[in-house]
Amino acid sequence: MLGKEEIAKRIAKEVKDGYYVNLGIGIPTLVANYVRTDIAVEFQSENGVLGMGPFPFEGEEDADIINAGKQTITTLAGASFFDSALSFGMIRSQKVDLTILGAMEVAENGDIANWKIPGKMVKGMGGAMDLVASAENIIVAMMHVNKKGESKILKKCSLPLTGVGCVKKVVTELAVLEVTPKGFKLLERAPGVTVEHIIASTEATLIIEGNIPEMVID
Amino acid sequence: MINKKVNTVQEALQGVQDGMTIMLGGFGLCGIPENAIAELVIKETKELTCISNNAGVDDFGLGLLLQKRQIKKMISSYVGENAEFERQMLSGELDVELTPQGTLAEKCRAAQAGIPAFFTPAGYGTEVAEGKEVREFNGKMHIMELAYKADFAIVKAWKGDAAGNLIFKGTARNFNACMAGAAKITVAEVEELLPVGSLDPNEIHIPGIMVQRIFQGKTFEKRIEQRTVRQKQ
């Protein structure tokens, strides 16, 4: 079973040379730490920066330079700042090649829910609805099951949706899944996790073809 | 030069009344008009509809207006940092219109640009789309969103001049640049109000025509929400 850092490490392998990438809050933010250093990648944050760098050294934080998680950041050579309308303009017009975000639930038709639990938690959708509605390539980083052990990989989402039919790939602590017209195709399993364990943890339709390889981390 | 300079925040906010709709720039606590918000608390203006990406934190930013129950309705995309907000919303005391962030930005920009409405795919198939016109363009479904109509836009910039020209710093540009000129009256609060002629016209982010009143804020706390650092090796 993978930890959060390992999920981020596995997703980092999906980041290719020349990609502009938007990272959501939580596990997706960690992905930046594991992207190969020999490829050219620029990270976009929807609050208005391209070319995000690592966190600043202590004492060098600038309240005017933050990411969408409101964390203090730095910028790399070639970075730029812009306003929120232009930021979502580049998202809507599909200039951003890859979007990585978290989810509470995903469904086998590619639906995603990650912004609201009616009556309990309403933090808002932030930029997630814009991102999932426009991005061509969306990878979801999430836990396969909730604290009670119930599957979050579903036939149909039970929570209010963030977007419809948009998720392409899901990486969880147990597996890598691809959304296909017939359901989730099991691509890889986490080291030491059996196919049976994944089947038992998945409510959605699972397509299992041949031997399922173990994920290669790092 | 048409002079937009006013000397005090009180003068800048003259005419702000109970029940008005006010846009406020900023993302989280980054680039919020702190001096104007403090003055709204002092003025005790009530029944406000506020359009702002976030609602501040419990004891800073728009959180200060929420504490005093000055806000009737909040239009935002993300409000997760404010416990008092969540409490007022779940108890029904506060009317909340959650809007996708890109749509919120574009509804401001549309108002700024004189465009009454636009279509976006964001929110299609979700509760955000309820009651809205849906149209297909290039094989993809979109929903119609309307430009905001606001009485005041209160934005914060780094540098400005008496002509109302504005320059922002870093990610503090965010919604400030989209809201300037998007309401009947735009008030700009700046860290440095410089003599006309000292800003390079090539470097102006927002031209003075979008701003009706500009003032230099007295103090800027510039609170950091998530101070994240790395250690020197």
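At 13% relative accessibility, Ala129(B) counts as buried, the term standing for under 20% relative accessible area, with exposed meaning over 50% and partly exposed lying in between (1.4 Å probe, protein chains only). This is a predicted model, in which local features need pLDDT of at least 70 and side-chain atom pairs count only at pLDDT 80 or more, while totals for chains, interfaces and linings use all residues. Residues are numbered from 1 along each chain as its sequence is written, chains are lettered from A and ligands numbered from 1 in the order in which they are written, and side-chain values use heavy atoms, with hydrogens and water left out.

Ala129(B) sits in the loop between β5 (117-120) and β6 (134-137) of chain B, where helices (H or I, at least four residues) and strands (E, at least two) are DSSP runs numbered from the N terminus. Residues up to four places away in sequence aside, Ala129(B) touches Gly123(B), Tyr124(B) and Ile143(B), contact being defined by heavy atoms within 4.5 Å. Between the C-alpha atoms of Ala129(B) and Leu66(B), which are 63 residues apart along the chain, the separation is 27 Å.

## Two further buried positions in chain B

Gly56(B) belongs to the loop between β2 (48-51) and α3 of chain B, and with a relative accessible area of 8% it is buried. Its contacts, leaving aside neighbours within four places in sequence, are Leu29(B), Leu62(B), Gly63(B), Glu81(B) and Asn82(B). From Gly56(B) to Glu191(B) the distance is 20 Å, C-alpha to C-alpha, across 135 residues of sequence.

Gln101(B), by contrast, is part of a helix, α5 of chain B, and counts as buried at 2% relative accessibility. Not counting residues up to four places away in sequence, Gln101(B) touches residues of chain A, namely Glu46(A), Phe88(A), Gly126(A), Gly127(A) and Asp130(A), as well as Phe27(B), Asn53(B), Ser77(B) and Phe175(B).

At the start of α3(A), a side-chain oxygen of Asp83(A) comes to within 2.8 Å of the backbone nitrogen of Ala85(A), and after the helix comes Gln94(A), with a positive phi near 60°.

In helix α4 of chain B (residues 83-90), the buried residues are Glu84(B), Phe85(B), Glu86(B), Gln88(B) and Met89(B). They pack against β9 (121-122) of chain A and against α3 (63-67), β3 (71-76) and β4 (95-98) of chain B. A side-chain oxygen of Asn82(B) reaches to within 3.1 Å of the backbone nitrogen of Glu84(B) at the start of α4(B), and the helix is followed by Gly92(B), whose phi is positive, near 85°.

In soluble globular proteins, nonpolar side chains tend to be buried together.

## Cavities and a pocket

The structure holds 3 cavities of 30 Å³ or more; on a 1 Å grid over the protein atoms alone, a cavity is a set of points where a 1.4 Å probe fits but cannot get out, a pocket is an open set with protein on both sides within 12 Å along at least five of seven lines, and lining residues have an atom within 4 Å of a point. The largest cavity has a volume of about 70 Å³, and among its 14 lining residues Gly28(B), Ile32(B), Ser52(B), Asn54(B) and Leu62(B) lie nearest its centre. The second largest cavity, of about 50 Å³, has a lining that includes Ala63(A) and Asp64(A) along with Ile32(B) and Lys156(B).

The second largest pocket contains about 270 Å³ of space, and of its 17 lining residues the closest to its centre are Val132(A), Ala133(A), Val164(A), Cys166(A) and Lys140(B). Two or more residues of this lining come from each of α4 (128-134) of chain A and β7 (140-146) of chain B, with α4(A) giving the largest share, 3 residues.

Note on methods. Grid points are joined across faces, edges and corners, and a volume is the space filled by probe spheres set on the points. A polar contact is a pair of N or O atoms within 3.5 Å; within protein, one must be able to donate a hydrogen and the other to accept it, and residues adjacent in sequence count only if both atoms are side-chain atoms.
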